[in-house]
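Please consult the sequence and structure below before reading on.

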Amino acid sequence: MLFCQLGRAKSLREICGGLACGEGKLSHLGITAPKRSTLAYANEHRPWTLHKTVFFQLLGRCQAVAQGRRTFRVKHKLVSLDASVIDLCAPLFDWATFRRTKGAVKLHWLLDHDGYLPAYAVITEGKQHEVTVAKTLTCAPGTILAIDRGDVDSAWFATLTLAGVFFGTRLTDNAVYRVVGTREVPETGSIVREELIELTGTGAPAKGPYPLRRVEVEDPDTGEPLVFLTTHLPFGATTLARIYKDRWSASGGFQALKQHLKLKPFVGTSANALPTQIWTALIALLLRKSLQLKSTLGWSLSNLVALLQFQLFTHRDLWAWLNEPFTGPPVVAEPEQLVLAEVV
């Protein structure tokens, strides 16, 4: 299944055929290419929780390498939460009900901005709301959690505040609130206004009695106002905007991960095969990110993904190739065969 991800195989036939073609170079691993029926049976019956366990074990190693490796530096731990709906064909995935003629599952994941690693993942039915899963997460005190604008929930905000976790999000246009205080803004710059507010929607005052900081910033590119919401009072408004921008940074954020987390086409349709492929894709993504972080060349993830698939069966030092990919391997000196003197 890792070969399916790293080698960009699109079917069971391509997986088994591709491994069979390089079977001679796999002998040192003690494995042989499986039959299609064997692989299909394993995906359907081998518990997908095995792959989940491997993912979190590998994540611990990657986080040790990625500590402090982020483009936007802030003294707090910075993580982002997001969810992606994975559309499925309803007749084939009849267990993944979503709509009457459409099936889907939802992948909820947490992005660690240190190295931009996927640090947490949960697979649910397509109808599951992000906030429901988010409430099960636990973050260390002092962590800054960047969340989507659709995840505004006063009770959850109160829980985060009590746990010492800060958050940053965009305020929805239909949010109901009242202003309880104002803060001074610089005369020059893109900051329009800063206010302390309380959400006043149905039941919001009782669920979340803590004041929130509303920051309105003018988008320098379009001139449109962007409204941010946070509980972190000392941060400058521009810092808050950069935190949210870093969440969708094209170089390392969710956009990059979604681009390289290739899930389709699925090679199995059962309720066990699909999570198996998703967790294997996350493992492959961690492996690529680990190689990217350890290399001294400064790979972009796109180039690494593209070129790595051509080196899967090449017998070569991996770290030497990562640091000098366009330099040939060293020539191995052949031992000189000495000629014995003739015996008279």
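How do the residues of the lining of the largest pocket divide into nonpolar, polar and charged? They comprise 27 nonpolar, eleven polar and six charged residues, where Ala, Val, Leu, Ile, Met, Phe, Trp, Tyr, Cys and Pro count as nonpolar, Asp, Glu, Lys and Arg as charged, and the others, Gly among them, as polar. The model is predicted: local features need pLDDT of at least 70 and side-chain atom pairs count only at pLDDT 80 or more, while totals for chains, interfaces and linings use all residues. Residues are numbered from 1 along each chain as its sequence is written, and side-chain values use heavy atoms, without hydrogens and water.

**Pockets**
- A pocket is an open set of points on a 1 Å grid over the protein atoms alone where a 1.4 Å probe fits, with protein on both sides within 12 Å along at least five of seven lines; lining residues have an atom within 4 Å of a point.
- The largest pocket holds about 1400 Å³ of space, and Leu 2, Phe 3, Leu 6, Leu 29 and Leu 312 are the closest to its centre among 44 lining residues.
- The second largest pocket holds about 460 Å³ and has 16 lining residues, seven of them nonpolar, two polar and seven charged.

Notes
Grid points are joined across faces, edges and corners, and a volume is the space filled by probe spheres set on the points.
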